[in-house]
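I opened my notebook and went through this structure piece by piece. These are my entries, in the order I made them.

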Amino acid sequence: MAARCENENGADVESSSDEMNSNSNAMRQLQSRRKFANVGLLSTLASLTFALDGANAQDEIEAAVSASVVDEDPLINVYFGCGCFWHVQHEFVMAEKKILGRSDDQITARTGYAGGIAGSKDGKVCYHNAGNVADYGKLGHAEVVGLTIPKSKFYDFAVEYFKLFDASGNRPDQSGDRGTEYRSLVGIPGGAKGEYAKLLIDASIATGDKLDFGIGKGDDKDLRKTSFVMDNTGAKGFPFYVAEQYHQFHDGFNLNENYPGSYNKLAATFAKGGEDFGSCPNGSLGLGIGGL
């Protein structure tokens, strides 16, 4: 049986057919130049294999090709908050598999905290604990799920985010978990002034236009049907802080929301692989949530 999260207090532009054809030709030429450049890069690198040690040459080729792909569609870090993070993480794990075709060992969705002005305390942001160490609520943070995705797929993940809300704009746990720790927020590079803000709004409209948006200033209130847009980059931004291991890949907040054991075991698998989930104390009772 799953444990439950604690509840705390333009203008239109006309284009002629000639202009459209010209633009189409230009796009094809651009794509051709990119293809030509990549082929040329591979040919040049391949010729070096005779001058370099075989293994080293292969490494050089793979790194160069990988870099050329990344340049065209770089990875970005984002986070989404919508009440208790257990259920939200599961939904984004499923989204990574569906949209990106990622396998279990490639999943990047992690539960965490974000949105507080205070940032961290002594380098930590922790769940409620008996020692009152760097309590995320007292630091102004909310529960979120952070992940790393290709820039071109942000819209698709934003759509998945808005699907979490019902037709009235309520969170899945709206009737239970309330307060600033459960407020809705989205962390994107540049915040409300960045290039992803319009894509966020477009995705919202496409899924029923259920929410209003606020410019996140930190320590924001929990307002129904409102999601705060945070800048998760820069010196004055609101970064993501990963949550403790026992909060990763957890069953959902509803009593019947149990996920497969293979999902729950991912936390231990990533930890054994060297992932650092911090050094915070265990939960409020000293044993984690619900005695975990």
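**Entry 1: Arg102 and its surroundings**

I began with Arg102 and listed what it touches, leaving out residues up to four places away in sequence: Leu75, Glu96, Lys97, Ile107, Thr108, Thr148, Ile149 and Pro150. I kept in mind that this is a predicted model. Where does Arg102 lie? I found Arg102 in the loop between H3 and E2. Is Arg102 buried or exposed? Its relative accessibility is 15%, so Arg102 counts as buried, the cut-off being under 20%.

Next I looked up the polar contacts of its side chain. One of 2.4 Å joins the side chains of Arg102 and Glu96. Another, of 3.3 Å, links the Arg102 side chain to that of Thr108.

**Entry 2: The chain as a whole**

I counted 7 helices and 7 strands. Starting at the N terminus, the elements follow the order α-α-β-α-β-β-α-β-α-β-β-β-α-α. The chain has 292 residues, and 42% of them count as buried.

How confident is the predictor? The mean pLDDT of the chain is 82. I noted that 72% of the residues reach 70 or more. Over residues 7-52, pLDDT is under 50, and the model has 24 contacts beyond four places in sequence for them. Over residues 285-292, pLDDT is also under 50, with 15 such contacts in the model.

**Entry 3: The sheet**

In what order do the 7 strands of the open sheet stand? I read the order as E5-E6-E4-E1-E3-E2-E7, and the pairing is mixed. Then I checked the edges. E5 and E7 (241-242) each have a single partner strand, so one side of each is left without a neighbour in the sheet.

I moved on to E1 and E3. They pair in the antiparallel sense, over 6 bridges. I picked out Phe80: its bridge partner in E3 is Val145. I then looked at what packs on the sheet, and found H4 there. H4 touches E1, E3, E4, E5 and E6. The direction of H4 makes about 10° with that of E1.

**Entry 4: Strand E2**

Which strands pair with E2? E3 pairs with E2 in the antiparallel sense over 5 bridges. Here Gly112 stands opposite Val144 in E3. E7 also pairs with E2 in the antiparallel sense, over 2 bridges. For Tyr113, the bridge partner in E7 is Tyr241.

How many residues of E2 are buried? I counted 5 of the 5, so E2 is largely enclosed by the rest of the structure. I reminded myself that side chains in a regular strand alternate between the two faces of the sheet. I then sorted E2 by face. Arg110, Gly112 and Ala114 are on one side, and Thr111 and Tyr113 are on the other. All of them are buried, and both faces of E2 are covered.

**Entry 5: The nonpolar cores**

The largest nonpolar core has 50 residues. Which of them touch the most other members? I wrote down Val78, Phe80, Phe92, Leu147, Phe154, Tyr161 and Phe249.

I took Leu147 for a closer look. Not counting residues up to four places away in sequence, Leu147 touches Ile76, Asn77, Val78, Phe80, Phe92, Glu96, Thr108, Ala109 and Phe157. Glu96 and Thr108 were already in my Arg102 list. A second, separate core has 8 residues, among them Tyr79, Ala114, Leu185 and Met230.

**Entry 6: Two positive phi angles**

Last, I looked at two loop residues with positive phi. Asp122 has a phi of about 55°, although it is not a glycine. Asp122 lies in the loop between E2 (110-114) and E3 (142-150). Its relative accessibility is 73%, so Asp122 counts as exposed.

Lys225 is not a glycine either, and its phi is about 65°. Lys225 sits in the loop between E5 (212-215) and E6 (226-231). At 33% relative accessibility, Lys225 counts as partly exposed.

Notes: Residues are numbered from 1 along each chain as its sequence is written. This is a predicted model: local features need pLDDT of at least 70, side-chain atom pairs count only at pLDDT 80 or more; totals for chains, interfaces and linings use all residues. Side-chain values use heavy atoms; hydrogens and water are left out. Helices (H or I, at least four residues) and strands (E, at least two) are DSSP runs, numbered from the N terminus. Buried means under 20% relative accessible area, exposed over 50%, partly exposed in between (1.4 Å probe, protein chains only). A nonpolar core is a set of buried Ala, Val, Leu, Ile, Met, Phe, Trp, Tyr and Cys residues joined through side-chain atoms within 4.5 Å. Contact means heavy atoms within 4.5 Å. Two strands pair if DSSP finds at least two bridges between them. Axes are lines fitted to C-alpha atoms, for helices over the stretch in contact, and angles run from 0 to 180 degrees between N-to-C directions. pLDDT is the predictor's confidence in each residue, from 0 to 100. A polar contact is a pair of N or O atoms within 3.5 Å; within protein, one must be able to donate a hydrogen and the other to accept it, and residues adjacent in sequence count only if both atoms are side-chain atoms.
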